[in-house]
Amino acid sequence: MDRFQEMQVFAAVAQDQGFSAAARRLGMSAASVTRAVAGLEKRIGTQLLTRTTRSVHLSEAGQRFLEDCRRILAEVQEAEDSAAGSHILPRGQLTITAPVLFGELFITPLMVSFLTQFPDVTINALLVDRVVSVVEEGIDVAVRIGELPDSNQHAIRVGQVRRVIVASPQFLATHGRPAHPQDLAEAPIIATSAIGQLKNWPFLEGDEPLSVRADPRLMVTANRAAINAAALGLGYTRVLSYQVASKVAEGELEIVLADYELPPLPIHVVYQGGRKAPARVRSFVDFTVKALRENSALWG
């Protein structure tokens, strides 16, 4: 097995987090896949994968090597495509990640349009409310909401969102509008157990931080359920502005306490490779950046 084949096998094992799954996808036996990775590790002289009885994970050296493998394999594919005269057409599989509701509202329509335009591309979309490791999970393009850590990944800002408190007009007509965040302390609260939700809701009063304990009357596991409960008049919920933009525009929800909001959170499209990224990645990034920047719901 030559080095390029070994790289392909290693990248498949890393992406599928298992030898058997990678073997099925590559049309090889599990034993052949295991031997290929073992031979690669022996030649390099370092462990690339940490094996347990249930799973396979990248070592620190493996993470670095995987990124290089993907870049090299993509460059080889690009060179072949260019020689064949098809270098301008995106092809192959894209792996994308975004938060669940953001993905449903904004990324899914873009994926459908992109796939319609480029029939030789397939997409695997991971829509989850957690920060996915771009390298470990083989992500080509990620949408991130919030400040980004320093990294060697390329990021393009496409918008910003506010952290807002909302309630229905009927609820506000009955209970009155809150004048200060402390007015929420005894009010009916709808909260979610989603990642990133806090028991204390933070605000800013002038330049000073202010925290109000949010004791929920209703706790749900999904943001969409909390939004629907608020629109039905149960109480207040705290969400990101894009999540309620349509209901606010249609008059089903109203934003309160806007003068006490924290600074907006940036939205970035993150990808690896820069100019050396495969055509399918560059094309999808350009396609997505243009569409998201033109969406008024993503500028708070």
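Guide: UniProt lists residues 1–59 as "domain: HTH lysR-type", in an unreviewed entry; the positions are in the numbering used here, the feature name is shortened, and such an annotation may be inferred rather than shown by experiment. Bear in mind that this is a predicted model, where local features need pLDDT of at least 70 and side-chain atom pairs count only at pLDDT 80 or more, while totals for chains, interfaces and linings use all residues. Residues are numbered from 1 along each chain as its sequence is written, and side-chain values use heavy atoms, with hydrogens and water left out.

Now zoom in on helix 2, residues 19–26, and helix 3, residues 30–44. They pack at an angle of about 110°, and their axes are 8 Å apart (axes are lines fitted to C-alpha atoms over the stretch in contact, and angles run from 0 to 180 degrees between N-to-C directions). So helix 2 is roughly perpendicular to helix 3, a label that covers 65 to 115 degrees.

Who does the touching? On the helix 2 side, Phe 19, Ser 20 and Ala 23 make the contact; helix 3 answers with Ala 30, Val 33, Thr 34 and Val 37 (contact means heavy atoms within 4.5 Å). Sorted by type, the residues of this contact come out as 5 nonpolar, 2 polar and no charged (nonpolar is Ala, Val, Leu, Ile, Met, Phe, Trp, Tyr, Cys and Pro; charged is Asp, Glu, Lys and Arg; polar is the others, Gly among them).

Stepping back, the protein has 9 helices and 14 strands, and its C-alpha trace spans about 75 × 45 × 35 Å along the principal axes. Of its 300 residues, 43% count as buried, that is, under 20% relative accessible area with a 1.4 Å probe, protein chains only. As for how the chain folds back on itself, residues 24 or more positions apart account for 74% of the contacts with a separation of 6 or more.

Key
Helices (H or I, at least four residues) and strands (E, at least two) are DSSP runs, numbered from the N terminus. Angles under 35 degrees count as roughly parallel, over 145 as roughly antiparallel, 65 to 115 as roughly perpendicular and the rest as oblique. Buried means under 20% relative accessible area, exposed over 50%, partly exposed in between (1.4 Å probe, protein chains only).
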